[in-house]
Amino acid sequence: MDQEWPGVIGGGTGPRLDWRPVAGQEQDEVQRSLDERFLPSPVTGQRRLPIDMDYVRDVLLRLVAIPSPSGRTDHVMQVIGGELHRLGLPFEVTRRGALLAELAGSEAGADRTVVVHADTIGCMVRELKDNGRLAVVPVGTHSARFSEGARVTIFSDDIAGNYRRSGTILPLKASGHRFGDEVDTQGVGWDVVEVRVDEVVHCRADLERLGIQVGDFVAIDAQAVVTPSGFVNSRHLDDKAGVAAALGAFKAIVDHGVPLPVTAHLLVTIAEEVGLGASHGVDADVAELLSIDTSVVAPGQSSSEQTVNIAMQDSTGPFDYHLTRRLIDLCRAHDVPHRRDVYKYYRSDAASALEAGANTRAALIGFGIDASHGHERTHLEGIRATA
Ligand SMILES: [Zn+2]
């Protein structure tokens, strides 16, 4: 593990916001000093906080480099905890392992929560095969089609020894020189791919000697590339770009000393990809919940990689009417590039929170991802707009 837990609620040592009610002339001075910290919108004259995109980019690249398939998220949560500590946000870890940070506002009740998830799709070893390769099942919902050719890291339980090994997911017929046209007709699915481990292994016993067992996690490597044009090509932008955007937004509030009218929570969940997400961790005082997650960039969708995208409905139904329109109004007022969209085969942390009975309005926004749960790509401007 990279870092120790830095602290829990009350343990933060970074910059803190001391908010107190002010009136009259003093109020004007507070407003003036706040205005100086905001960027004017070129269109409306309204002001918005600048986002430290160097920080967001750096955090994003660090997060995607840490394997975190649902079920094996301790490491990435340690790093996110360290980041919250550096930002001075007090937080606690729930029994189930989610992370709940808080930025206090002036009034109790009617809190707001931003929810992001740190887990990703991945795989798990189903069988040690006689040919020395590994059969795997998916963790989370994703097609084997997009895993073909992916570099992976296999994690065994032997923490004291060599517990990380690299490999590649390959179709069973992986060589055109051997199989000819059959490589194009073998079909797609988790039963027709296998993991080639980068060790001298010829049989099942060789795999056992390496300490690899059924149930070991197989994480798909991110292989992140940021282009000069601002595109981020990487696996697991879902939802690590959301975590980076949320951290960027909270950092902006802390850096610029902006007082909050109501308390803001940041909930980082660890099992969204298997449907559990924010099924716990939403405080009873929370009146508005905002999930930040992938938006679907594909034919027939209006979402864009360069904007924030506001979901009007997903597979679980429409989002809260009033909160959704309020978000759109905010985008308009502050000249934040945005789109509206509806998603057919999609759910997020908001769904699991509502299903678990959270008594809150809920909405979903996101950065656009092309080829989601596959060869993902987004754009830094979309992440900025989301933050
Ligand atoms: Zn997601």
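Guide: In this predicted model, the axes used to compare helices are lines fitted to C-alpha atoms over the stretch in contact, and angles between N-to-C directions run from 0 to 180 degrees. Helix α3 (residues 74–87) and helix α7 (residues 237–255) pack at about 15°, their axes being 10 Å apart.

Visitor: Why is α3 called roughly parallel to α7?

Guide: Angles under 35 degrees count as roughly parallel. The angle here is about 15°, and therefore α3 is roughly parallel to α7. The crossing is right-handed.

Visitor: What makes the contact of α3 with α7?

Guide: On α3 the contact involves I80, E83 and L87, and on α7 it involves V243, L247, F250, K251 and V254. By class, six of these residues are nonpolar, none is polar and two are charged.

Visitor: At what angle do the axes of helix α2 and α7 cross?

Guide: Helix α2 (residues 53–64) and α7 cross at roughly 145°, and their axes come within 9 Å. This crossing is right-handed. From α2, the contact draws on Y55, V56, V59, L60, L63 and V64; from α7, on K240, A241, V243, A244, A245, L247, G248 and K251. The classes are 11 nonpolar, one polar and two charged.

Visitor: How do you know that strands β8 and β9 pair?

Guide: Pairing requires at least two bridges between the strands. Strand β8 (residues 151–155) and strand β9 (residues 164–171) have five, in the antiparallel sense; one of them links R151 to T168 of β9.

Visitor: What joins β8 to β11?

Guide: Four bridges join β8 to strand β11 (residues 217–220), and the two run antiparallel.

Key
Residues numbered from 1 in each chain as written. Predicted model: local features only at pLDDT ≥ 70, side-chain atom pairs only at ≥ 80, totals over all residues. Parallel < 35°, antiparallel > 145°, perpendicular 65-115°, else oblique. Left-handed = near helix turned anticlockwise from the far one by under 90°. Contact = placed C-beta atoms within 7 Å. Nonpolar A, V, L, I, M, F, W, Y, C, P; charged D, E, K, R; others polar.
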